[in-house]
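Colleague: Hi! Could you walk me through how the inside of this protein is packed?
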Amino acid sequence: TRGGNSGARGSSKHRGANMGRSHAGNGDCRGTPRRHLHVPRETNFVEQGDVAPRKEVTTVMIRNVPNRYTRNALVAELSALGFADSYDFLYLPIDRQTKSSVGYAFVNFCTAGDAEGCIAALTGHHFRGCRHRVAHASPAHLQGFEENLQHYRRTRVFYSPVQAHRPLVIDDGVSAVPLH
């Protein structure tokens, strides 16, 4: 810990890294959630002015995604809400150590209307099998399909050997797998 104090609790960095490991693989969404301290919890990037001025918001950040959710589970959740064919990019970050989602996702919708509809549908929404996790959605910092694609193409996760950990890119209704 800082200042040489080696108490049992450890540094906040290590406490955050250990949170949630006990339930990471058991499919239970209860317990202490894994904390990612650098994820803005309630930030609306449009109101804050961090989203570049543009006519339409198409990319949504979804928060409070259950840690046990996989990319396919989130796709199923969006489909159940009526958004099956309305997005072209979806990324649910997965922690490499715990193999669990980190609790948020980015989805780019084909139209601003679908993005607004998703934000409205997720307001107060409880994820399936996780009644205490209430979704929160807001405009994401990066906006648009091309911006997201350019950003993630520069990251290692885009070329992950585990396909389910990569961003889902849908081109003309077909899931596209990034080429190495």
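**Packing inside the model**

Modeller: Happy to. Keep in mind that this is a predicted model. Let's start with Phe109, which touches Thr58, Val60, Phe83, Ser86, Tyr87, Asp114, Ala115 and Cys118, leaving aside residues up to four places away in sequence.

Colleague: And how many residues are in the largest nonpolar core?

Modeller: That core has 24 residues, and those with the most contacts inside it are Ile62, Leu74, Leu78, Phe109 and Phe127. At least two residues each come from β1 (59-63), α3 (71-80), β2 (87-91), β3 (104-109), α4 (112-122) and β5 (168-171).

Colleague: Which element gives the largest share?

Modeller: That would be α4, with four residues. There is also a second, separate core of twelve residues, including Met61, Tyr91, Phe106 and Val169.

Colleague: Switching topic: how many aromatic pairs are there?

Modeller: The structure holds six. One of them is Tyr69 with Phe127, edge-to-face at 5.5 Å centre to centre and 75° between the planes. Tyr69 sits in the loop between β1 and α3, Phe127 in the loop between α4 and β4 (136-139), so to speak distant parts of the chain, 58 residues apart.

Colleague: Is Tyr69 buried or exposed?

Modeller: Tyr69 is buried, with a relative accessible area of 5%. Phe127 counts as buried too, at 0% relative accessibility.

Colleague: Back to Phe109: what geometry does the pair of Tyr87 and Phe109 have?

Modeller: Edge-to-face again, 6.2 Å centre to centre with 80° between the planes. This pair links strand β2, where Tyr87 lies, to strand β3, which holds Phe109, 22 residues apart. Both Tyr87 and Phe109 are buried, and together with Phe83 they form one aromatic cluster.

How values were computed: Residues are numbered from 1 along each chain as its sequence is written. This is a predicted model: local features need pLDDT of at least 70, side-chain atom pairs count only at pLDDT 80 or more; totals for chains, interfaces and linings use all residues. Side-chain values use heavy atoms; hydrogens and water are left out. A nonpolar core is a set of buried Ala, Val, Leu, Ile, Met, Phe, Trp, Tyr and Cys residues joined through side-chain atoms within 4.5 Å. Buried means under 20% relative accessible area, exposed over 50%, partly exposed in between (1.4 Å probe, protein chains only). Contact means heavy atoms within 4.5 Å. Rings of Phe, Tyr and Trp (its six-membered ring) pair if their centres lie within 6.5 Å; planes under 30 degrees apart count as stacked, over 60 as edge-to-face and the rest as tilted.
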